[in-house]
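Work through the exercises below with the sequence and the 3D structure side by side. Each task is followed by a solution that goes step by step.

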Amino acid sequence: MQASNNGKGTSGTIGQPITYEKIPTQIFADSKEASYAVAKEISDLIRQKQKEGKPCVLGLATGSSPKTVYAILVRMHREEGLSFKNVISFNLDEYYQMEPDSIYSYHRFMKEQLFDHVDIPKENYFLPDGTVPAALLRDYCMSYENKINAVGGLDFQLLGIGGNGHIGFNEPGSLINSHTRLITLDHSTRAAASMEFGGLHNVPRKAITLGVAPILNARRIVLLAWGERKASVIKSAVEGPVTELNPASYLQAHADVSFVVDESAASELTRIKTPWAVDSVIWDNKMIKKAVTHLSQTLKKPILKLTDKDYNDNGMSDLLAQYGAGYEININVFNQLQHTITGWPGGKPNADDTHRPERAQPAKKRVLIFSPHPDDDIISMGGTFQRLVDQGHEVHVAYQTSGNIAVADDEALRFIDFVVDFNNGFAIDSPNATKLFQDAKDFLRHTKNSEIDTPEVRKVKGLVRRGEAKATCRFVGIPTSQAHFLDMPFYETGTVQKKPIGEEDIKIIENLIEEVKPHQIYAAGDFADPHGTHKVCWDAIEAALQRSKHKNFMKDCWVWLYRGAWAEWDIYEIEMAVPMSPDQVLKKRQGIFKHQSQKDGVVFQGEDSREFWQRAEERNRGTAQLYDSLGLAEYEAMEAFVRWKF
C-alpha cells in the first residue's frame with residue numbers, strides 16, 4: 001500500500017511534498033490486496049462491536065467493486081470464525097420496479113454474494129424494496145431511513161463510485177442534503193449496467209437510493225474504485241471542487257472517509273500522473289520517459305523541440321541538474337520511442353535486432369494469440385495478426401470463451417430458423433436436432449428478461465460466435481485447424497456473473513501452450529474491470545505460464561500484451577508499435593465485420609454507442625497521431641503492445 005496524502009489544499013512547506021488531495025486516498029497494487037484491507041477493517045469492526053456487546057451496523061454496496069470484499073468476508077466466516085450474528089446491514093439501493101428474486105435484483109446479488117454464506121439473521125439485513133407501489137414510495141423511503149436511525153445509525157458505509165461520480169444511485173445533480181428517494185437513472189449509469197441486463201433496453205430507468213445526507217451521517221465511509229475507467233472521476237472527486245456534478249466530491253466534507261483504489265483507478269491523480277510536480281522522484285529511465293512524453297504532450301511540442309526552459313518551467317529542473325542538457329534527454333527518449341516502431345511484429349529476418357522490439361530468430365515463429373472473446377483478436381490486434389500471417393509465421397488463435405451471452409436472442413432465432421430450413425430444404429432427417437432447435441426456439445420466443453438461457457440456447461449462441469471466429473481466421477489466412485475453441489468452464493454460467501477460475505480452466509491453457517510450444521504469445525492486457533472476462537482470462541494464462549516457465553521451450557517464448565477497443569497503453573509504456581497503412585486499416589475493418597452478431601445492435605456496447613470497428617480505428621489512429629505529435633514518423637494507424645516478463 002502507498003501512503004495517502006491526507007492534507008488539504010495544494011501548498012506545502014519546505015521539505016514537505018505538495019498535496020492536491022482533499023480526501024485520504026490509499027493506493028494498492030491491485031484490487032485483491034485492496035479488498036483484503038477493507039474486509040479486514042470490516043471484520044475488525046464486527047469483532048470489536050461483539051466484544052462491546054453492541055450491534056455492528058453496516059451500509060453495504062452492490063456492483064462489481066465490493067464483490068471481492070464480500071468473498072473475503074465469507075472466507076473469514078468459514079475459516080476464521082467471523083460471526084455476523086451481531087451485524088445489521090442496510091443496502092444503498094435497488095432498481096425500480098424490480099422483483100427481489102430477479103437475476104438482476106440487488107436482493108439476489110447480496111444473498112448470492114454474502115448473506116446466504118454467513119450467519120447473519122435474516123431479520124437483520126435490509127434492502128430497498130423495488131416493488132413498493134408508487135403511491136406508497138414517499139412513506140416507504142422515509143421509513144427505510146428511520147430504521148437506520150432507530151438502530152443508532154451506520155457505523156460503516158461501503159461505497160462504490162459510478163463513472164459519472166454517483167454514490168448509491170445519487171446521480172449528478174443530487175443535493176448534499178438529499179434523502180432516500182426514487183430517482184431517474186442517468187443514461188451513462190444505465191449504459192454501464194447494460195452488460196448485466198443483456199442490453200440497454202432491458203435496464204430499468206429508475207431506482208430507489210439512500211440519499212447523500214444519510215450516507216454522510218455514517219461514522220466511517222470507505223469508497224472503492226478499480227480500473228482506469230474510474231480514474232478521471234476519482235481525480236475529480238479527490239482533487240476537484242465540491243460539486244453536485246460529481247456527488248462523490250461531497251465526501252470531502254466527511255470527518256472519517258477513505259478512498260481505496262488500485263493503481264489503475266489512481267492513474268490520473270497528480271501524485272501518480274506527474275509525481276515530479278508533487279515531490280522529488282527517482283529519475284530512472286521509465287520516469288524520464290513518462291515525464292518527457294507528458295511534457296511534450298502538455299506543451300504540444302515535438303520532443304526534439306523541448307528546451308531547458310521547458311524543463312525548468314514545468315517542475316523538472318532536477319532532471320536537468322542530474323542529466324545535463326535537455327537536448328541530450330530529448331534525443332534519448334526520442335530514440336527509445338523510435339525503437340518501439342516495427343512493421344515486423346514477429347521479428348525481421350536477417351536484420352540487426354539490437355534496437356528492435358522483437359528478435360530476428362527464429363525467422364519463422366510459432367505464435368499463439370489468446371482472445372478472451374471470439375472477436376478480441378481482430379478488434380484489438382487485427383493488423384498485427386495479419387502481418388504475422390503475411391510474414392510467414394505459424395499463427396494459432398485460442399478463443400478462450402464462447403462469448404455466448406453477447407448474442408442477442410433474435411440473432412440466435414435467425415440461425416435456428418436457418419438450420420430448420422436447411423434440414424427441410426435438403427431432406428435431412430434429424431429428429432434430435434429438430435427437437436433441440438425447436439425447444440430453443442420456443443424458449444426464446446417466450447423467455448422473460450429475468451430468465452437465464454437454457455443450455456441449448458447458450459449452445460446455439462456459442463455456435464454463432466464460433467462460426468464468426470472461423471470466418472475471421474479464413475479471412476486473415478490461417479486454417480481453422482489453428483483456431484482453438486477452449487470454452488473455458490468459468491464462463492459458462494449463462495449470466496454476466498462468472499465463476500472464479502479453477503484448475504480445469506488453467507489446465508486447458510497449460511495444455512494448449514504445451515501443444516503449440518510458441519515463440520510468441522499475445523494476450524489481452526486491459527484489466528480495467530478486475531471482475532471482467534479479460535482479467536479472468538489473463539489470470540488463467542498467467543497461472544499456466546508460471547507452471548510452464550521452467551520448460552525448455554518457454555525459454556524462447558516472449559509474451560506481448562494488447563489492449564481492447566476501450567483504451568490504449570500510455571505512450572511511455574509502449575514497447576512495440578505496429579504501424580498500419582490505410583489499406584491495412586480497411587482490411588482490419590473488414591475482418592471485424594465477420595462478427596455480424598456483434599455489429600449494429602451489439603448487446604454490450606456500454607456508454608459508447610459506436611460499433612467496435614469504429615472504436616478500434618479511433619484508438620489505432622489516436623496512437624499513430626500521438627507518435628506523430630511527439631515528432632516521430634506519421635502513420636495512418638498503430639497497434640501497441642507491452643511485453644510481459646516472467
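On a 1 Å grid over the protein atoms alone, a pocket is an open set of points with protein on both sides within 12 Å along at least five of seven lines, a cavity is a set of points where a 1.4 Å probe fits but cannot get out, and lining residues have an atom within 4 Å of a point. Grid points are joined across faces, edges and corners, and a volume is the space filled by probe spheres set on the points. This is a predicted model, in which local features need pLDDT of at least 70 and side-chain atom pairs count only at pLDDT 80 or more, while totals for chains, interfaces and linings use all residues. Residues are numbered from 1 along each chain as its sequence is written, and side-chain values use heavy atoms, with hydrogens and water left out.

**Exercise 1.** Describe the second largest pocket and its lining.

*Solution.* Begin with the volume, which is about 260 Å³. Next, turn to the lining of 13 residues, where Gln336, His339, Thr340, Pro357 and Glu575 lie nearest the centre of the pocket. Two or more residues each are given by helix H9 (285-299), helix H12 (326-340) and strand E15 (558-562), helices (H or I, at least four residues) and strands (E, at least two) being DSSP runs numbered from the N terminus. Finally, note that H12 provides the largest share, 3 residues.

**Exercise 2.** Find the residue that forms a salt bridge with arginine 465, and say where the two partners lie.

*Solution.* A salt bridge is a side-chain nitrogen of Lys or Arg within 4 Å of a carboxyl oxygen of Asp or Glu. The partner is aspartate 375, with the closest N and O atoms 3.2 Å apart. Arginine 465 belongs to helix H16 (residues 455-476), whereas aspartate 375 sits in the loop between strand E11 (366-371) and helix H13 (376-390), so the pair ties together parts that are 90 residues apart in sequence. Both arginine 465 and aspartate 375 are buried, that is, under 20% relative accessible area, where exposed means over 50% and partly exposed lies in between (1.4 Å probe, protein chains only).

**Exercise 3.** Is lysine 309 buried or exposed, and with which residue does its side chain form a salt bridge?

*Solution.* Lysine 309 counts as exposed because its relative accessibility is 57%. Its side chain meets that of aspartate 313 in a salt bridge (2.6 Å, N to O). Both residues lie in helix H10 (residues 308-313), 4 residues apart, which is about one turn of the helix.
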